[in-house]
Amino acid sequence: MSPARRLAIGITVLAIAMGIIAYNGIRSATVYYLTPTEFTRRPDIQTARVRLAGTVSPGSVRRANGHVAGFMIGDETTSIAVRYDGPLPDLFAEGREVLVEGRLDSDGVMNATQVITTHPTGYKEKTRP
Amino acid sequence: MADLGSFALLAGLVVCVYGVVAGVIGIRTRERRFVETSLRAVRAWAALMVLASGTLMFALVTRHFRLEFVAAVTSRDLPLVYTVAAFWGGHAGSLLLWALILGLYGIVILRVLRSSPQMYAPVALVLLVTAGFFTWLLAFTSNPFTVMQIPPPDGRGLNPLLKNPWMSIHPPTLYLGFVGMTVPFALAVAGVLTGLTAEWIKLARRWMMIAWIFLTLGLLFGAKWSYVVLGWGGYWAWDPVENAALMPWLTSTAFLHSIQVQERRGLLGAWNVSLMIISFVLAIFGTFLTRSGVMSSVHAFADSSIGVYFLIFLGLVLASSGWLLLARWDRFRQGGSLDALVSRESAFLLNNLVLVAAAFVIFTGTVFPIIAEAFTGDRINVGPPYFNQVMAPLVILLLVLMGTAPLLAWRKADAQSFGRAVSAPAAVAILAGLGFAALGVRSPGALAVLALGLFVAGAVAVELLHGVRILRTHGEPAAVAVGRLLLNNRRRYGGYVVHLGILLILTGVTMSSAYATQVQVTLRPGEQTSLGGYTLRYHDAQAWRLPGLQITSTTVSVSTGPRPLGLLRPQHVYHEVQDQATSEIALRSTWWNDLYLVLVGVSPDRRATFRIMVNPLVTWIWFGGGVILTGTLIALVPAARRRDVPEVRRDVAVPAGAKAQ
């Protein structure tokens with residue numbers, strides 16, 4: 001077998017391995033991005049990892065030991081309870097728009113792993129060239 | 001003033017069309033005067049872009065609020081430095097900056113090509129077509145000289161997040177990299193049309209290196225900005241706009257390696273030309289991702305015409321350069337063949353495949369949400385876990401290649417001499433890996449990167465020693481030998497210096513992602529907390545107002561053990577005009593770690609909430625950038641004329657006498 005052919009076989013094997021890693025990666029890292037109302041209308045993804053976009057419902061922030069422990073995220077019609085005690089971004093406040101990433105628990109409360117505030121002016125479109 | 005700017009843009013468009021027509025006739029008829037017309041068109045267009053940019057800059061500095069763009073990005077209280085930076089603080093200005101930089105590149109490359117005039121016509125044609133496209137966008141979709149009937153009394157002011165020195169230099173540097181990809185692309189077209197000579201290889205390599213270093217620095221400046229301004233403690237988020245710059249970086253890095261295979265062995269000609277085309281396409285695609293709004297939503301994209309124009313332009317570039325490659329395929333048929341599986345050239349080939357695969361998986365992760373939304377209507381997000389998961393094996397593979405390739409001979413590596421050369425670095429790597437594990441490094445990724453990093457550094461040292469030994473057999477003292485070796489093989493050793501810079505960055509990135517710690521605490525004045533060996537005592541908070549700003553500042557003293565390290569003052573700033581709050585983080589950097597302090601808020605009873613992070617080895621990332629710049633400059637400086645030193649090559653055996661020393 002010529003060196004070029006052996007190399008070609010090696011490359012094919014590598015490419016297939018890479019393809020499998022990438023495919024699994026996309027499957028496990030894909031997060032649906034929806035509003036609370038849209039989420040409640042999608043029974044098929046109730047157990048999937050989702051990113052909810054909504055506002056922190058006024059008066060819903062629950063504190064324990066001076067830290068935020070949970071809140072409700074809502075839009076015009078629906079709101080969903082969120083459990084979260086990790087670090088919060090700068091702009092987190094009641095009434096602010098936030099993104100909550102996590103999975104719905106069996107008790108109907110969302111276990112959030114990450115809370116991101118969406119910037120009022122959307123800095124990403126504006127600032128990055 | 002608006003008229004002057006708009007005139008410059010329209011005249012620029014006319015000049016481009018005129019120049020393209022002349023250039024095409026020139027290529028077809030081979031008549032010199034038509035080619036010269038197209039060269040003059042490039043220069044005239046560049047002059048018009050300088051005029052347009054000068055006009056916009058003047059309008060910004062004089063606060064000419066009748067221009068929509070000026071009113072959107074400046075205000076009367078904006079300092080001069082940021083007024084200048086406001087040029088690229090918005091969409092239309094960014095595109096004009098693109099055009100301006102292309103004009104400057106055009107003038108320089110035409111000057112450089114004086115010694116190879118056969119490439120004039122195709123290079124000018126590519127420049128003019130690209131120029132025409134951007135001038136079209138500027139004139140008809142994103143004109144920075146659009147006027148408002150009723151000028152506002154004051155502008156909205158620059159986005160506060162942009163008022164940072166790193167943001168002032170990040171966009172121009174990144175654009176020098178993005179736009180710089182046009183030059184290798186133009187050279188690729190010229191090479192396919194007129195021949196891939198040794199002169200062509202030199203030019204292509206040099207100009208890709210120039211674009212590459214700007215892209216590298218642009219990426220790092222952006223990371224630094226993200227780190228010190230956005231206040232989340234990180235520098236890279238696998239955000240589409242970041243990926244947009246990383247993809248052409250990966251393909252141009254691949255090119256800088258594979259062009260050496262063409263130079264030495266006459267192989268991979270078509271592949272190299274393809275990499276030049278792909279790097280340019282990815283640079284344009286990057287501009288498209290950041291400029292068309294496609295990332296926020298497919299629907300926003302469908303509503304704006306600019307995205308469609310970009311896709312048409314990209315399609316045209318891909319189709320025409322693909323057609324050109326196939327039409328001139330015979331040009332690439334002359335090369336030799338791969339002699340052995342284990343050789344420098346197959347290591348370079350593998351490195352190329354890994355880099356291109358990395359670009360491809362990043363591309364997939366970046367566009368997947370767009371495609372999924374277009375087909376299923378679901379909005380999805382592909383998060384950092386995907387990118388980290390797919391990049392980790394690729395980075396490890398790259399490190400292995402980075403360490404072994406310099407020790408492999410061209411054509412066919414001799415197993416024995418390779419074994420001898422590789423044994424020392426490999427032993428160092430294994431011992432270091434065990435040592436780090438014993439010291440408590442448990443993350444497999446971190447262990448692999450640390451051990452392989454030392455392997456690569458060891459291989460560079462072995463390679464350097466090998467060269468010194470050969471010179472010493474010619475009777476040179478060791479110190480002189482090292483100096484001469486570096487001076488006479490600048491490209492090679494410059495390249496190794498760049499590798500060391502990459503190692504520093506990879507080490508910093510790996511360690512700071514694996515071992516960063518953070519807490520969020522609320523403290524009363526006088527209370528203290530500790531993290532990662534630092535003790536932080538919160539003293540007090542003050543609040544004051546400046547025009548348009550409400551500032552809340554806190555004083556925190558830092559100590560480690562009994563030793564005081566000084567005061568940190570993290571602040572919280574509310575910008576009234578933009579109704580936006582920003583954090584002014586406080587940072588204390590050492591070689592070992594960064595103490596990163598963010599003020600989350602202060603309650604009426606003066607209790608302050610802080611987010612405290614200790615990020616290890618982040619400084620190495622910025623320092624690595626400096627090392628890369630140094631290495632690239634070493635490689636870019638033209639080689640010394642004197643060639644009285646024997647070229648050091650791996651396939652030259654070390655004389656028996658030298659080994660005894």
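A crossing of two helices is called left-handed if the near helix is turned anticlockwise from the far one by less than a right angle, and right-handed if clockwise. The crossing of α8(B) and α13(B) is left-handed. Helices here are DSSP runs of H or I with at least four residues, numbered from the N terminus. This is a predicted model, in which local features need pLDDT of at least 70 and side-chain atom pairs count only at pLDDT 80 or more, while totals for chains, interfaces and linings use all residues. Residues are numbered from 1 along each chain as its sequence is written, chains are lettered from A in the order in which they are written, and side-chain values use heavy atoms, without hydrogens and water.

Helix α13 of chain B covers residues 305–327, and its axis lies 10 Å from that of α8(B), at an angle of about 30 degrees. Axes are lines fitted to C-alpha atoms, for helices over the stretch in contact, and angles run from 0 to 180 degrees between N-to-C directions. The two helices α8(B) and α13(B) are therefore roughly parallel, a term for angles under 35 degrees, with roughly antiparallel used for those over 145. Contact, meaning heavy atoms within 4.5 Å, joins B:F185, B:V189, B:V192 and B:L193 of α8(B) to B:V317, B:S321, B:L324 and B:L325 of α13(B). Seven of these residues are nonpolar, one is polar and none is charged. In this scheme Ala, Val, Leu, Ile, Met, Phe, Trp, Tyr, Cys and Pro are nonpolar, Asp, Glu, Lys and Arg are charged, and the others, Gly among them, are polar.

Helix α8 (residues 182–194) of chain B also meets helix α11 (residues 269–291) of chain B, where the axes come within 8 Å and cross at roughly 145 degrees. This crossing is left-handed too. From α8(B) come B:T182, B:P184, B:F185, B:L187, B:A188 and B:V192, and from α11(B) come B:V273, B:M276, B:I277 and B:F280. Nine residues of this contact are nonpolar, one is polar and none is charged.

Elsewhere in chain B, helix α1 (residues 2–29) and helix α2 (residues 32–61) have axes that come within 8 Å and cross at roughly 165 degrees. The pair α1(B) and α2(B) is therefore roughly antiparallel, and α1(B) passes α2(B) in a left-handed crossing. Their contact has 18 nonpolar, nine polar and no charged residues.

Between the chains, the contact takes 37 residues from chain A and 59 from chain B. About 3,900 Å² is buried between chain A and chain B, 62% of it on carbon and sulfur atoms; buried area is the accessible area (1.4 Å probe) that two parts lose on being put together, summed over both. The two chains share zero salt bridges, defined by a side-chain nitrogen of Lys or Arg within 4 Å of a carboxyl oxygen of Asp or Glu.

Key. Angles under 35 degrees count as roughly parallel, over 145 as roughly antiparallel, 65 to 115 as roughly perpendicular and the rest as oblique.
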